[in-house]
Amino acid sequence: MKLRINNRDIYLRGLALLIAVIFWIFAQQDMQVPIIKENEHYQKIMKPVVFANIDPDVLVTSPAPEIFLEISGPFWQLNQKQDEIVVVADLERKGPGRHTVKIEVRVPEGLKIDQYYPDKVDVKLEKKETRELKVEPVLLGTLPVDLAISTIDIVPQQVVITGPQSYISQADKAFVALDLTSPRAGKYKQNLKIQIKTHDQKTLEGLALEPQLAKVEWDIIKQEGIRVPVKVVMKKKEDNLNITVNPQEVLVFSNKTDIKAILTEPVSYDKLPYQGEIALVKPKDAEIWPTSVKVSIEKNHNNQEAR
C-alpha cells in the first residue's frame with residue numbers, strides 16, 4: 001500500500017512547528033509585556049539657588065541663579081511637592097570675593113532627580129559694613145511766597161544703614177520727603193519712609209535701615225508781606241520816555257526792613273512803543289510776589305509839544 005502525503009498537511013504541520021518554536025523562544029528568555037508604572041511621570045522645572053551657612057560678616061551681592069531640574073515620581077507628588085524641592089549652595093568658610101560653589105538638590109520622599117544643570121554656580125561675596133547717617137528733610141514742591149515752614153522735627157535724627165561695602169560707599173545722605181504740592185497753613189505729623197541718596201542724587205536700594213520710618217512734625221505758617229514799589233531799570237538811558245509798570249508795587253517777605261524798592265532786570269528795546277514782561281531782582285534772604293511785572297514804554301509826546 002502506497003502512502004500519500006497531502007501538500008496541505010505539510011503546510012499546516014510546518015506552521016504548527018514554527019509557532020511552537022516561537023513560544024519556546026519566549027519561554028527561554030522569560031519575556032514579559034512591558035507595564036507602565038504609576039511613578040513614570042516626568043517634569044522639567046527651574047529652581048533658584050538658596051545660599052546656606054553664610055558668614056555673618058559677609059553678604060551675597062550676586063543675583064541668585066536658577067537651576068534646571070528634571071524630576072520624576074507619582075503624578076500627584078510631582079504637582080504637590082514641588083515647593084519642597086530645594087537647591088542649596090553651601091557658603092561655609094567662604095570670605096569676601098568670588099567663589100565657584102557646588103550645589104546640592106534636596107527632594108522630598110517619593111520624588112527623584114533624574115538630572116540637573118549646572119551643578120556649580122558663581123557667587124560674589126562682599127564684606128558687610130554698618131554706617132550712621134543724619135536724617136534730613138527734602139521738600140517736594142514749592143511753597144507760595146506767603147507761606148513758610150517754621151519748624152521741622154524728625155525723630156530719630158539718625159539712621160543706621162547696613163549692607164555690602166560697595167553699597168555703603170555710595171551712600172551720601174538719608175532723607176525723608178515732605179510733600180508740599182498742596183500746602184496750607186497748619187501743623188502736620190506723619191510717619192515717613194527713610195530713604196538713602198547717592199552722591200549723584202540717586203535713590204540707593206539694597207540696604208537694611210534701622211529704623212525704616214521716621215516720625216516727622218512740621219509747621220507751615222502764614223507770612224505777612226510788606227508792599228514795596230517797583231523801579232524800572234533801563235539798559236540804555238533816554239529822555240522823554242513815558243514808562244508804565246503793572247503792578248506798581250509787589251509784596252516782599254523778609255525779616256529785613258530796609259528794602260525801599262524792588263528793581264527790574266535791565267530793559268532794552270529796538271523800537272517804541274514797547275511792551276513786555278520783565279523779571280524782578282529778588283533781594284538776598286527775601287521772597288517777592290509776583291516775580292515779574294509788565295512794562296510799557298512810549299515817547300512822551302506832551303513834553304515835545306510843550307517845547
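**Entry 1: nonpolar cores.** I began with the largest nonpolar core of this predicted model, and I found 23 residues in it. Val159, Ile161, Val176, Ile194, Ile196 and Val216 are the members with the most contacts inside this core. I then looked up which strands contribute to the core: strand 7 (120-140), strand 8 (147-155), strand 9 (158-164), strand 10 (171-179) and strand 14 (213-222) each supply at least two of its residues. Apart from this core lies another, of 19 residues, which includes Val49, Phe51, Val105 and Leu125.

**Entry 2: isoleucine 194.** I took one of the core residues with the most contacts, Ile194, and listed what it touches. Leaving aside residues up to four places away in sequence, Ile194 is in contact with Val135, Val159, Ala174, Phe175 and Val176, and also with Leu209, Pro211, Gln212, Leu213 and Ala214. Two of these partners, Val159 and Val176, are themselves named among the core residues with the most contacts.

**Entry 3: largest pocket.** The largest pocket holds about 230 Å³ of space. I found 13 residues lining it, with Gln223, Phe253, Ser254, Ala286 and Glu287 nearest its centre. Six of the lining residues are nonpolar, four are polar and three are charged.

Entry 4: I traced an open sheet of four strands in the order 18-15-17-20, with mixed pairing. Strand 18 (262-263) and strand 20 (287-289) stand at the edges; each has a single partner strand, so one side of each is left without a neighbour in the sheet. Strand 15 (residues 226-231) and strand 17 (residues 249-253) run antiparallel and are joined by four bridges. Within this pair, I located valine 228 opposite valine 250 of strand 17.

**Entry 5: the whole chain.** The protein chain has four helices and 21 strands. Of its 307 residues, 28% are buried. I also looked up how far apart in sequence the contacting residues are: among contacts between residues at least 6 apart, 70% join residues at least 24 apart.

Note on methods: Residues numbered from 1 in each chain as written. Predicted model: local features only at pLDDT ≥ 70, side-chain atom pairs only at ≥ 80, totals over all residues. Heavy atoms only, no water. 1 Å grid on protein atoms, 1.4 Å probe; cavity = no way out; pocket = protein on both sides within 12 Å on 5 of 7 lines; lining within 4 Å. Points joined across faces, edges and corners; volume = space filled by probe spheres on them. Nonpolar A, V, L, I, M, F, W, Y, C, P; charged D, E, K, R; others polar. Pairing = 2+ DSSP bridges. Core = buried A, V, L, I, M, F, W, Y, C linked by side-chain atoms within 4.5 Å. Buried < 20%, exposed > 50% of the residue type's maximum accessible area, 1.4 Å probe, protein only. Contact = heavy atoms within 4.5 Å.
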